[in-house]
Amino acid sequence: MFRALSRVHISTPACFRATRAIHARSAVRQQQEAIAPKIDSALSAFGARIGLQSLNPAVLEQAVTHSSAEENKGNQDLVLLGKRATGLFVTEYYHSKYPNMHMEGLNKVIQSHLVYKSVSKVGTQLGLQDVMRWDRSTVQSVALGECLYALVGAVYKEQGFDAAKKLVHAHILSRDLDVRPLVKFNDPKRYLSALIRKLGKEAPVSRLLSETGRHSSAPVYVIGVFSGETKLGEGFGSSLKMAEFRACQDALISHYGKEEKDFMLPSDANHADNYKPPVLGTTEAIV
């Protein structure tokens, strides 16, 4: 009997250790189960906030899982699809909105929307960083940009062209963009002369509209560029040359940056009873 009691006494510490291990594993499991619903609910709330509540939850989760987090289960395929779809929607929109825009300027406008720096800002505004899964060694703007593209790709894949287009217009194309800084020419006077010649109008002429302080240390000149009696642009500067440069630049921006206020997109042709194609602008003047 004493031997039996002795054996029980000896095995008691082992029992305690086994019990502690079981409790520890149970605590970890309970903690994981407690965290998982929060992640899922956060992702669901994010999807509902940007209008993706009907998207397959598994696809939504894949879209926000960056390839740096899970290489084999990441969102690379969706990123590629989303990039191409977003590029199409952005190009269609700005080509219709600015029909006279020259190709270099149009490419700059399009790229200003598609670069990771720009797309990641949209993702941050939507709260994508709170549900995105990524390796912190990856540049955050790249991860955010690719996950946003993946969301567009997921919608395109699961719900089709119109749903993806709606997402891009609602969150990427909804922000204002000043195209003036993107329409720049190194030699605007030369480009303006070529453009006016192509349009069959009178050659541009620079005229001094006003000036002040010509003999001071800070003179200001205002020059207008005219084709006949039509003023094409206006600029100011501390020298006549600078004022003329800015006036020619202003004239080019007024032409190439002319905005169509009322237009229909080609992709809406099948949804409209009386579809009117966008205005087809003039081609770029070759210098």
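Ser210 has Val222, in S2, as its bridge partner. The model is a predicted one, in which local features need pLDDT of at least 70 and side-chain atom pairs count only at pLDDT 80 or more, while totals for chains, interfaces and linings use all residues. Residues are numbered from 1 along each chain as its sequence is written, and side-chain values use heavy atoms, with hydrogens and water left out.

Seven bridges join S1 to strand S2 (residues 220-227), and the two run antiparallel. Two strands count as paired if DSSP finds at least two bridges between them. In general, the strands of a sheet pair through backbone hydrogen bonds, either parallel or antiparallel. Here three strands make an open antiparallel sheet in the order S1-S2-S3. Strand S1 (205-212) and strand S3 (230-237) are at the edges with a single partner strand each, so one side of each has no neighbour in the sheet. From one strand to the next, the twist averages 20 degrees.

Helix H9 (residues 240-256) lies across S1, S2 and S3 and runs at about 135 degrees to S3. Such angles run from 0 to 180 degrees between N-to-C directions, with axes fitted to C-alpha atoms, for helices over the stretch in contact; contact means heavy atoms within 4.5 Å.

The chain has nine helices and three strands, both taken as DSSP runs numbered from the N terminus (helices H or I, at least four residues; strands E, at least two). From the N terminus on, the order is α-α-α-α-α-α-α-α-β-β-β-α.

Of the 287 residues in the chain, 37% are buried, meaning under 20% relative accessible area with a 1.4 Å probe, protein chains only. In helix H5 (residues 116-126), the buried residues include Ser118, Val119, Val122 and Leu126. Just after H5, Gly127 takes a positive phi of about 85 degrees.

Leu126 also belongs to the lining of the largest cavity, together with Ile50, Leu148, Leu151, Val152, Leu167, His171 and Ile172. A cavity is a set of points on a 1 Å grid over the protein atoms alone where a 1.4 Å probe fits but cannot get out, and lining residues have an atom within 4 Å of a point. The volume of the largest cavity is about 40 Å³, counted as the space filled by probe spheres set on the points, which are joined across faces, edges and corners. Helix H6 (140-159) and helix H7 (161-171) each supply at least two lining residues, and H6 gives the most, with three.

Note on methods: Buried means under 20% relative accessible area, exposed over 50%, partly exposed in between (1.4 Å probe, protein chains only). On a 1 Å grid over the protein atoms alone, a cavity is a set of points where a 1.4 Å probe fits but cannot get out, and a pocket is an open set with protein on both sides within 12 Å along at least five of seven lines; lining residues have an atom within 4 Å of a point.
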